[in-house]
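Dear colleague,

Please find below the structure that I am handing over to you. My notes on helix packing, nonpolar cores and backbone geometry follow it.

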Amino acid sequence: MIEPMDTRQLLYFRAVVDNGSFTHAAAALEMTQPSLSLSIRKLEKELNTQLLSRGRSGVTTTEAGDYVYDTALKVDALLADAQRHISEITGDNANTVSLTSCPILNWEFTPSVLSELTEFHPSARISLDDSTAATAIKRLLEGQVDLALLPTSDPKAFIRRYSPELTIHDVAEFDYSLAVPEAMADLPSPVSLQDLREETWLVPPHCRELPGMAELYDDLWENHPSYKPDHIQDVASLHAAIPMISSGFGISFMPRCAPALHPQGIAKLTVKEDLPRFHAILAYRSDRELTPAAQELVDILRSHDSARPLA
């Protein structure tokens, strides 16, 4: 007899998939990696099937894993809806805000914004979801969350696709660092991209819903063929690229929205060439009234020095 899954198992499984590796998922969950690995193995044993494929570039879901991940999203949405409805019944939803924010922004940017919200609105109750861009957009469109903070290399492409269904603000811009193994720290900085053609570049997957790092590379190499490297390695996410760079396997651009992140074995360089900036955008449904707490978070994000209107 198959034992029933509990919400904690689904939370752990989602974290591994969203973060692309057990290491980063364990850090996000504030638990040890062995404990997390044991929990996932126990879930696979209970279901009598493999849910994840483990590889050097991170983890990917099997067909069964895809189904369990979708189930985890639905369960999370039901719990969030239940919490929201109970708040509405008790008349106590004014202080609530539900936010989904992508992992790359959760290193430092999103926590700093939420800290600012709680400083000005101490009674705010925040529900924070850490999702991939595709999942975050899906949850926002389905009304499961109030707001979404999304990273993109092309905010105007996003607004062309989702306006007027979503209201969208460009709330922050970031330059890039070039993350390289520590053995390459002695390279001249700034370094030319033409001098890095023989290196292995680690490239995250494309996202159909939101242009990101992969699209940045595509545009860069299409417009400047002399920059295109001889070796390109696909990775599950930027999180998955970090340990690979640290171990000396490859190099990658990293948006400077994570200054607190200084992994051992990684050096950061600047490049000579001009690169477009990386953006954090805020989105919410145009047909949905925000709670006062959610509106205050919107106002805080729009008041940032780097925020600018999208047209």
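A residue counts as buried under 20% relative accessible area, as exposed over 50%, and as partly exposed in between, with a 1.4 Å probe and protein chains only. By that rule Asn48, at 70% relative accessibility, is exposed, and Glu30, at 74%, is exposed.

The model is predicted: local features need pLDDT of at least 70, side-chain atom pairs count only at pLDDT 80 or more, and totals for chains, interfaces and linings use all residues. Residues are numbered from 1 along each chain as its sequence is written, and side-chain values use heavy atoms, leaving out hydrogens and water.

Backbone geometry

Most residues other than glycine have a negative phi, and most peptide bonds are trans. Glu30, which is not a glycine, has a positive phi of about 60 degrees and is found in the loop between H2 and H3. Asn48 is likewise not a glycine and has a positive phi, of about 55 degrees; its place is the loop between H3 and strand E1 (52–55). Helices (H or I, at least four residues) and strands (E, at least two) are DSSP runs, numbered from the N terminus.

There are also cis peptide bonds to report. One runs from Ser163 to Pro164, with omega near 5 degrees, and Pro164 sits in the loop between helix H7 (155–162) and strand E6 (166–174). Another joins Ser189 and Pro190, with omega about 15 degrees; Pro190 belongs to the loop between strand E7 (176–181) and strand E8 (200–203).

Helix packing

Axes are lines fitted to C-alpha atoms, for helices over the stretch in contact, and angles run from 0 to 180 degrees between N-to-C directions. Angles under 35 degrees count as roughly parallel, over 145 as roughly antiparallel, 65 to 115 as roughly perpendicular and the rest as oblique. Contact means heavy atoms within 4.5 Å.

Helix H2 (residues 22–29) packs on helix H3 (residues 33–47) at an angle of about 105 degrees, their axes 9 Å apart, so the two are roughly perpendicular. Here Phe22, Thr23, Ala25, Ala26 and Leu29 of H2 meet Gln33, Leu36, Ser37 and Ile40 of H3.

Helix H1 (residues 7–19) also packs on H3, at about 110 degrees with the axes 10 Å apart; H1 and H3 are therefore roughly perpendicular. On the H1 side are Gln9, Tyr12, Phe13 and Val16, which meet Leu36, Ser39, Ile40, Lys42, Leu43 and Glu46 of H3.

The axes of helix H5 (residues 109–120) and helix H10 (residues 292–302) come within 10 Å and cross at roughly 120 degrees, and are therefore oblique. Phe109, Val113, Leu114, Glu116, Leu117 and Phe120 of H5 make this contact with Ala293, Glu296, Leu297, Ile300 and Leu301 of H10.

Nonpolar cores

A nonpolar core is a set of buried Ala, Val, Leu, Ile, Met, Phe, Trp, Tyr and Cys residues joined through side-chain atoms within 4.5 Å. The largest has 57 residues, and those with the most contacts inside it are Phe109, Leu147, Leu178, Trp201, Phe253 and Leu297. Leaving aside neighbours within four places in sequence, Phe109 is in contact with Leu149, Val171, Ala172, Phe174, Cys257, Ala280, Leu301 and His304. Another core, of 19 residues, lies apart from the largest one and includes Tyr12, Val16, Ile40 and Ala72.

With kind regards
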